[in-house]
Amino acid sequence: TIRDWKKNLKIGLIIFLAMAIPGTFYSNTASLIINGRLSINQILIGFLSSFTYYFFMAGFPEEFFYRAFLQTRFSLILKSKISGVVLVSLLFGLPHITDIIQWYPDITIYSAFCRAFFVQTFFGLITGVLWARTGNLIPCILLHTGVNGLNNLWYIVSKFGI
């Protein structure tokens, strides 16, 4: 219903702000904004570009695969939504080790594992619980896309010269 959509979007927005804003301070995005090296136009156009890019590259495909496909099946097989959420969150977090090594070339494998386990797996738990409670992928996709889009805004702006 419309009421459920509004409720789901509010929950997604709250979780987005809780995840994206602190994450932004660990990336170059926050320093560029704070130091005034990004104009409002660059931020708005960059975020729209970044949001669009990460919607197609991460938000939609990963949430569809991990939540709608894997989590649903594991929850049925294990006869427990909680077990499905936990297992798929681990399966979501651990493949990000190679991405983390690529993003941070000087990082050790141990540090990449820890980051993937604590950050990406935690994010997987949040989106997994959101999927399990709502049965709606839209908040999960918007949350995932928004967090990736905001945290990587600096990358998009620098690559595309916005």
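This is a predicted model: local features need pLDDT of at least 70, side-chain atom pairs count only at pLDDT 80 or more; totals for chains, interfaces and linings use all residues.
Begin by selecting Glu63, which you will find in helix H3, the stretch covering residues 40-78. Is Glu63 buried or exposed? Its relative accessible area is 0%, and because buried means under 20%, Glu63 counts as buried. If you now show its surroundings, leaving out residues up to four places away in sequence, you will see that Glu63 touches Ala58, Ala68, Thr127, Leu137, Cys140, Ile141 and His144.

From that list, select Leu137 next, whose own contacts beyond four places in sequence are Glu63, Phe64, Arg67, Ala68 and Trp131. Leu137 also leads you to the largest nonpolar core, which has 18 residues, and in which Met19, Phe123, Leu137, Leu143 and Val147 touch the most other members. In soluble globular proteins, nonpolar side chains tend to be buried together.

Finally, go to helix H5, residues 96-103, and select His96, Ile97 and Ile100, which are buried. Why do these residues lie on the same side of H5? They cover an arc of only 110 degrees around the axis, and therefore they share one side of the helix. The buried residues of H5 pack against H3, H4 and H6, whereas Thr98 and Gln102, on the other side of H5, are exposed.

Technical notes. Residues are numbered from 1 along each chain as its sequence is written. Side-chain values use heavy atoms; hydrogens and water are left out. Helices (H or I, at least four residues) and strands (E, at least two) are DSSP runs, numbered from the N terminus. Buried means under 20% relative accessible area, exposed over 50%, partly exposed in between (1.4 Å probe, protein chains only). Contact means heavy atoms within 4.5 Å. A nonpolar core is a set of buried Ala, Val, Leu, Ile, Met, Phe, Trp, Tyr and Cys residues joined through side-chain atoms within 4.5 Å. The arc is that of the directions from the helix axis to the C-beta atoms.
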